Amino acid sequence: MTQHLDRRHFLGLAGVTASAAALAACGGPSTSGTPVASEAAELDFNGVKPAAKIDFWSNHPGKSQDVEKAIIEKFHAKYPDIRVNLVTAGANYEEIAQKFQTSQAAKSGLPGVVVLSDVWWFRYFTNGSIIPVDALVKQLDIKLDDFRQSLVNDYKYNDKQWALPYGRSTPLFYYNKDHFQAAGLPDRAPKTWQEFGEWAPKLKASSGAQYAYIYPALAGYAGWTLQNNLWGWGGSWSKEWEITCDSPEAVEALQWAQDSIYKNGWAGVSSKEAADDFSAGLTSSTISSTGSLLGVLKSAPFNVGVGFLPGGPKAETNVCPTGGAGLGIPSGISKEEQLAAGTFLKFMTEPENSAAFSAATGYMPTRESADMKAVLAQTPQIQTAVDQLAVTRVQDNARVFLPGADQELAKAAAAILTQQADVKATMASLKKTLEGIYEKDVKPKLG
């Protein structure tokens, strides 16, 4: 593929021409809705009265159900005329997407506010299934400039704001301080994977753990966390719309990962949840979401350390991807419901509530003015996650903007890391698959 287009330009075109049928290919739900361009021009909430009731669909990221309930109760106290019903819409982002698809098709039962993840919200946007929130931001005086810009800008395309950040996370390097001390290692995360490669045999020999390091469960995590390895080696899943997963640098990075398991024998792959394996002492270290931090600190019977993601031989910094979820408002509900949803969206993301959500989960405080003193006094590890935001990198297009690609990345990673497949051949096959998705589901929309 030789066509290189700026993301904002692409998304502006996609918002006008995307078809639900095309985006449904490769496993993504079709979420039909009003075309973005026409809907965006019509939004005006002057004289609209908020609806008396809306649903909030969440999968409770970071085990956040209790804090979500608490914030909703505070909302009811401030806005007694708007009732928010918290709905468990799925156990994960994919299940919410499927439920959203069903409601879109039926044109009934839609929520007022819905949790949408980094790899799903783009489909809603291109199909016109969510509204730009700019008119609500203006009318309700939502302080966009107080949001952490690296998080809020992830949803700003075609010069419009399509969601607000909510359960936003980055991966963190988690390590067992006791194991590191017993191995005579520094009390810090490794600066590079090469440095960790030197540490790993010492950890394996002294810790009693099965692994020195465990790779996160591949489904849902491989495409996200392995960007760190690829970037450190100077590779990537893609550069803009050019698929680069079979480049020598990418192959070298993934060969190193495979060798850590089969050749060197100090690493493994989590079957379900790496954070739980780490807390149970199965491994001396892992990479997991910041959203797992509070759970790990509560359940681990040892001293937990966290640090920035390691770099590689080509790049030692700016190798950490952003991730997580935002909150959007469907286009297929009434303006009264949209205004009620916007009122709740504003309240849910207020600095005080952002701090409370972060304290309860370990997710990023999305507001600059959120008072984190009490939170950091109790959980100073959260500061590491906040500090790492300064060296994050926008995710590769291939993961977040090609429909169904995340599942394909996971399949390829599974072949390499659990079946010892040939890395170069697997990446060449993946490139063909990703280019096929681009040619079929993306390129036609560029005109």
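## Overall make-up

The predicted model is of a protein with 447 residues, of which 60% count as buried. Its secondary structure consists of 21 helices and 16 strands.

Among the contacts in the protein with a separation of 6 or more, 77% are accounted for by residues 24 or more positions apart.

## The largest pocket

The largest pocket holds about 1,200 Å³ of space, and 42 residues line it, with Gly-62, Tyr-221, Glu-273, Ser-292 and Tyr-363 lying nearest its centre. Among the elements that give two or more residues to this lining are the helices α4 (65-78), α5 (93-106) and α16 (351-361), together with the strand β15 (323-328). Helix α14 gives the most to the lining of the largest pocket, with five residues.

By class, the lining of the largest pocket divides into 15 nonpolar, 17 polar and 10 charged residues.

## The cavities

The model also has four cavities of 30 Å³ or more. In the largest cavity there is about 160 Å³ of space. Its lining is made of 14 residues, and those nearest the centre of the largest cavity are Asp-118, Trp-121, Asp-154, Gln-395 and Val-400. When the lining of the largest cavity is sorted by class, it has six nonpolar, four polar and four charged residues.

An α-helix has 3.6 residues a turn, so residues three or four places apart point the same way.

Helix α18, residues 381-388, is largely enclosed by the rest of the structure, because six of its eight residues are buried. These buried residues of α18 are Gln-381, Ile-382, Thr-384, Ala-385, Val-386 and Gln-388. Gln-383 also lies in helix α18, but with a relative accessible area of 30% Gln-383 is partly exposed. Along the chain, Gln-383 and Met-372 are 11 residues apart, while their C-alpha atoms are separated by 9.2 Å.

## Two buried residues

Ser-117 belongs to strand β3, which covers residues 113-117. Is Ser-117 buried or exposed? Its relative accessibility is 2%, and because buried means under 20%, Ser-117 counts as buried. Apart from neighbours within four places in sequence, Ser-117 is in contact with Tyr-93, Gly-324 and Ala-325.

Gln-338 lies in helix α15, and its relative accessibility of 1% is why Gln-338 counts as buried. If residues up to four places away in sequence are not counted, Gln-338 touches Leu-43, Phe-45, Ile-131, Leu-136, Ile-329, Pro-330, Ser-331 and Ile-333. Gln-338 and Ile-131 are 207 residues apart in sequence, yet from C-alpha to C-alpha they are 8.9 Å apart in space.

## Two residues with a positive phi

Most residues other than glycine have a negative phi, and most peptide bonds are trans. Glu-240 is not a glycine, but it has a positive phi of about 55°. Glu-240 is found in the loop between β9 (238-239) and β10 (242-243), where it is partly exposed, with a relative accessible area of 38%.

Asn-318, although it is not a glycine, has a positive phi of about 55°. Asn-318 has its place in the loop between β13 (304-307) and β14 (320-321). With 36% relative accessibility, Asn-318 counts as partly exposed.

Key: Residues numbered from 1 in each chain as written. Predicted model: local features only at pLDDT ≥ 70, side-chain atom pairs only at ≥ 80, totals over all residues. Heavy atoms only, no water. 1 Å grid on protein atoms, 1.4 Å probe; cavity = no way out; pocket = protein on both sides within 12 Å on 5 of 7 lines; lining within 4 Å. Points joined across faces, edges and corners; volume = space filled by probe spheres on them. Nonpolar A, V, L, I, M, F, W, Y, C, P; charged D, E, K, R; others polar. Helix = DSSP H or I, 4+ residues; strand = E, 2+ residues; numbered from the N terminus. Buried < 20%, exposed > 50% of the residue type's maximum accessible area, 1.4 Å probe, protein only. Contact = heavy atoms within 4.5 Å.
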